[in-house]
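Let's walk through this model together, one site at a time. Have the sequence and the 3D view at hand.

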Amino acid sequence: MYQNLLRDASFYRLLIQLDDDLAAEARKRGCACGERLDRACYPRKPRGVPKELEDAYSCRHSFCCAKEGCRKRTTPPSFRFLGRKVFVGAVVVLITVLRHGATPTRMAALRELVGVSRRTVERWREWWQRDFVQSAFWKAACGRQRAPLDQSRLPLSLLDAFCAQAEKDRMVDLLRFLLPLTITSRAQET
Ligand SMILES: [Zn+2]
C-alpha cells in the first residue's frame with residue numbers, strides 16, 4: 001500500500017542517494033563558463049520525512065561557480081524537494097494520492113502521521129488540479145502520452161500509468177518524471 005511508503009525510511013534514503021547522484025553529475029559538468037563548481041547548499045526545513053532522516057533532508061544540493069565575476073548558481077533537479085513546497089515531494093504526492101476514496105477519519109489519521117493540516121492538503125489538491133495541469137511541463141507531457149490520463153484523479157492516475165510492479169518503484173518513476181518541475185520554480189524558497 002502507498003501509505004506504507006510514508007514511513008518507509010529505506011524509500012526516503014533511496015531518494016537521498018538519487019539526489020546525490022544528480023548532484024555529482026551536475027558538479028562533474030561544471031559551470032557553463034567552464035569553471036568548477038563549489039558546494040552552496042540551500043538549507044531546508046523539510047517536513048513529512050521520518051525523524052531520523054530530517055538531518056539528511058536539511059539541505060538541497062546547489063552549487064556556485066568558483067570563478068570571480070561569474071558565480072553562477074547551478075541547482076540540480078531533486079527527487080526530494082518539489083519546488084518551493086515545505087513538505088518533501090513524496091509526501092505531497094502520496095497524501096494527495098491517498099485522498100482518493102479515503103474516509104474523513106482515515107484522512108485525519110494520515111494527516112496526523114505526517115503532521116500536515118487539512119488546509120495544506122487542500123492546497124496540494126488545488127496545486128495538482130490547477131497549477132500542475134496548466135503548466136507548460138504537463139501540457140508537453142500530455143502531447144507525448146498514448147492515452148489521456150484522468151486529470152481529476154491526479155496524481156493517482158499518473159502514478160498508475162507507470163508499469164513498475166512495486167509501489168516504491170512507481171513512486172520513484174513518478175518523482176523522476178517530475179524532476180523538470182523541481183528546478184522551474186524558485187528552488188531556494190521554502
Ligand atoms: Zn561560471
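Four donor atoms surround the zinc ion at angles of 105 to 117°, which makes the arrangement tetrahedral (for four donors, all angles must lie between 85 and 135 degrees). For comparison, the ideal angle for four tetrahedral donors is 109.5 degrees. The donors (N, O and S atoms within 2.8 Å of the metal, or 3.2 Å for Na, K and Ca, with water not among the atoms) are the SG atoms of Cys31, Cys33, Cys65 and Cys70, at 2.2 to 2.3 Å. Along the chain their spacing reads C-x1-C-x31-C-x4-C. Distant parts of the chain are linked here: Cys31 lies in the loop between helix 2 and strand 1, and Cys70, 39 residues apart from it, in the loop between strand 4 and strand 5.

A word on how to read all this: the model is predicted, local features need pLDDT of at least 70, side-chain atom pairs count only at pLDDT 80 or more, and totals for chains, interfaces and linings use all residues. Residues are numbered from 1 along each chain as its sequence is written, and side-chain values use heavy atoms, leaving out hydrogens and water.

The loop between strand 4 and strand 5 also holds Arg71, whose phi is positive, near 55°, although the residue is not glycine. Most residues other than glycine have a negative phi.

Now follow the strands (DSSP runs of E, at least two residues, numbered from the N terminus, as are helices, runs of H or I of at least four). An open sheet is formed by 3 strands in the order 1-4-5, with antiparallel pairing (two strands pair if DSSP finds at least two bridges between them). Strand 1 (37–39) and strand 5 (73–74) are at the edges with a single partner strand each, so one side of each has no neighbour in the sheet. Strand 1 pairs with strand 4 (residues 63–65) over 3 bridges, and Arg39 has Phe63 as its bridge partner. Across strands 1, 4 and 5 lies helix 2 (residues 9–29), at about 145° to strand 1 (axes are fitted to C-alpha atoms, for helices over the stretch in contact, and angles run from 0 to 180 degrees between N-to-C directions).

Further along, helix 3 (residues 89–99) packs against helix 8 (residues 167–177) at about 115°, with the axes 11 Å apart. Gly89, Ala90, Val93 and Leu94 of helix 3 meet Met171, Leu174 and Leu175 of helix 8 (contact means heavy atoms within 4.5 Å).

Finally, look at the loop between helix 6 (136–144) and helix 7 (156–160), where Pro155 sits. The peptide bond from Leu154 to Pro155 is cis, with omega near 0°.

Terms used:
Four donors count as tetrahedral if all angles lie between 85 and 135 degrees; four count as square planar and six as octahedral if opposite donors are over 155 degrees apart and all others between 65 and 115; anything else is irregular.
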